[in-house]
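Thanks for making the time this morning. I would like to walk through one model with you, beginning with a single side chain and then widening the view.

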Amino acid sequence: MIRQLRMTAFHVRQFVSVPYFIQLMVLTTVVTTLVQFLAARAWGGITPTQGWVRGGVIGMWTTTTCAAGIIGFERHKGTLAHLVLAPIGVLRSLAAVVSAAASFGLAALPVAWCTWAVASGSVDFTVPGWAGAVRMAAAALLLLAGCLALSLVIAALFVLTPNAIAYEELLLVPVFIASGILFTSTSPPAWLAAVSRFLPLSVPFDLLLGRPLGVVDALGWLVCGRLAGAGRAARAAGAATGHPCRRPGGDLMSAFLRRVASGVRVTWASSTAFATLGTATVTLLVLPLLSIAYDVLLGADLSAPDLVRTGYAAALVALASSVCAGVVGTVAADRNLGIFQEVHTRRRLDLAYWLAVAAVPALLAVLTGAAAIGAVFVLSPAHDVAVLGRVVALAPIAVVCGLLLGVGAAGIGVDLPDPYLGATVVGTFLPLLAGVIVPLSACPAWLRGLGALAPMSGTVSALDAGDDAGALLARDLLVALAWAGAGLAATRHAVHRLRAGLRRDVI
């Protein structure tokens with residue numbers, strides 16, 4: 001047992017050596033907790049304990065889902081063969097690797113508490129007493145055990161597919177809903193409350209909130225955790241075992257279009273979203289609907305007054321975020337292959353490259369955005385066609401803002417240790433700064449000021465604005481253009497340093 005703990009501690013240290021995992025846990029926890037704090041400040045729908053506990057659990061589970069690709073990540077590093085051939089046995093060695101994600105995710109609970117404390121300027125919002133403190137400590141350990149058990153299930157199932165990244169987000173919202181994490185001030189349906197007892201996260205979550213539990217709940221948690229941890233661990237162990245020529249006097253526009261078309265074909269062929277029918281369905285239909293469901297259910301639990309407005313705002317911001325993430329992901333792949341450096345050392349500003357990089361993410365975003373907006377309209381009680389038309393008219397602005405944000409995030413990422421950091425920051429903070437759940441009008445002045453520096457805040461505000469919508473949209477486009485200019489400037493700066501011999505790594 002001691003040896004297993006030492007191996008797990010070693011892999012946790014390896015896990016936190018990757019900046020992305022730290023950023024994912026911290027940013028998700030902080031933003032989720034801040035949204036709830038702002039909602040409690042505006043509407044008072046939840047208690048401080050409910051807010052920071054849920055923020056911590058969401059951050060912890062989001063980090064745990066990294067177990068979906070952890071074995072593939074070890075294969076990419078070249079260490080999987082050594083783990084499989086270890087004298088201690090493949091099961092124990094891989095269990096230590098998989099457990100690293102959930103073990104590190106436990107740090108989300110104190111991060112959430114500190115976030116609420118800083119935001120409220122107080123440390124006495126949760127005073128459980130000695131008995132309550134012991135209860136919360138025990139609940140945190142049970143939560144860790146539940147996440148560990150489910151991480152073994154995740155690793156066992158997702159190692160069977162080469163497209164694990166495309167399916168990873170399926171683990172987030174369904175688990176939040178099924179575990180009852182999105183229901184604190186409201187009550188889930190009876191059938192959902194019964195289903196939640198089959199997931200080993202619901203009982204620890206109730207314990208953290210101080211809810212009373214019965215013997216059946218405790219026995220159910222023990223059975224579910226045992227089956228998940230033991231049954232899937234064995235399965236995880238088994239599964240682990242050229243530049244276009246320019247003719248003098250030729251048509252430059254035709255050459256430009258050919259370069260754009262060639263880049264689009266390459267981007268399409270390398271897109272994970274279109275790898276199989278399953279990845280296409282999940283990316284284009286399932287994930288957008290789950291994202292809308294998460295925002296609406298969380299908004300309902302936070303006593304948001306207009307859930308239809310929340311759904312439409314979430315769809316527009318998700319539209320921009322998905323385009324941005326697609327551009328950043330494509331550029332990151334090109335950087336790993338050396339394509340990005342080749343392009344930008346030959347041309348000061350290669351418009352054909354950026355258009356080719358943006359084409360596929362924009363197409364994906366249009367399809368996913370149509371599904372998300374349509375779902376909100378169908379599920380809204382009023383079926384207001386005028387509001388639907390307004391949202392559809394705002395969708396192109398969201399796509400353009402996402403493209404410009406993607407160019408900026410990808411360019412700035414050239415000088416960062418993690419090329420995906422820009423997309424992570426945008427995807428995490430943009431819903432907060434745009435006022436998806438809590439409108440900016442209900443936020444403090446400092447947050448409204450930050451929102452003015454983020455594209456999409458004006459677009460979301462235009463849902464409620466009248467004649468001032470034009471000025472809000474123009475501001476969004478100008479801000480997004482400024483971020484794109486910053487990204488291009490950062491790229492040129494990296495190229496100059498490379499040519500001057502001040503930088504030796506590939507840009």
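H344 counts as buried because its relative accessibility is 3%, where buried means under 20% relative accessible area, exposed over 50%, and partly exposed in between, with a 1.4 Å probe and protein chains only. This is a predicted model, in which local features need pLDDT of at least 70 and side-chain atom pairs count only at pLDDT 80 or more, while totals for chains, interfaces and linings use all residues. Residues are numbered from 1 along each chain as its sequence is written, and side-chain values use heavy atoms, with hydrogens and water left out.

H344 sits in helix α17, residues 339-346, helices being DSSP runs of H or I with at least four residues, and strands runs of E with at least two, numbered from the N terminus. Leaving aside residues up to four places away in sequence, H344 touches Y353, W354, T491, R492 and V495, contact meaning heavy atoms within 4.5 Å.

L363, by comparison, belongs to helix α18, residues 351-379, and is partly exposed, with a relative accessible area of 36%.
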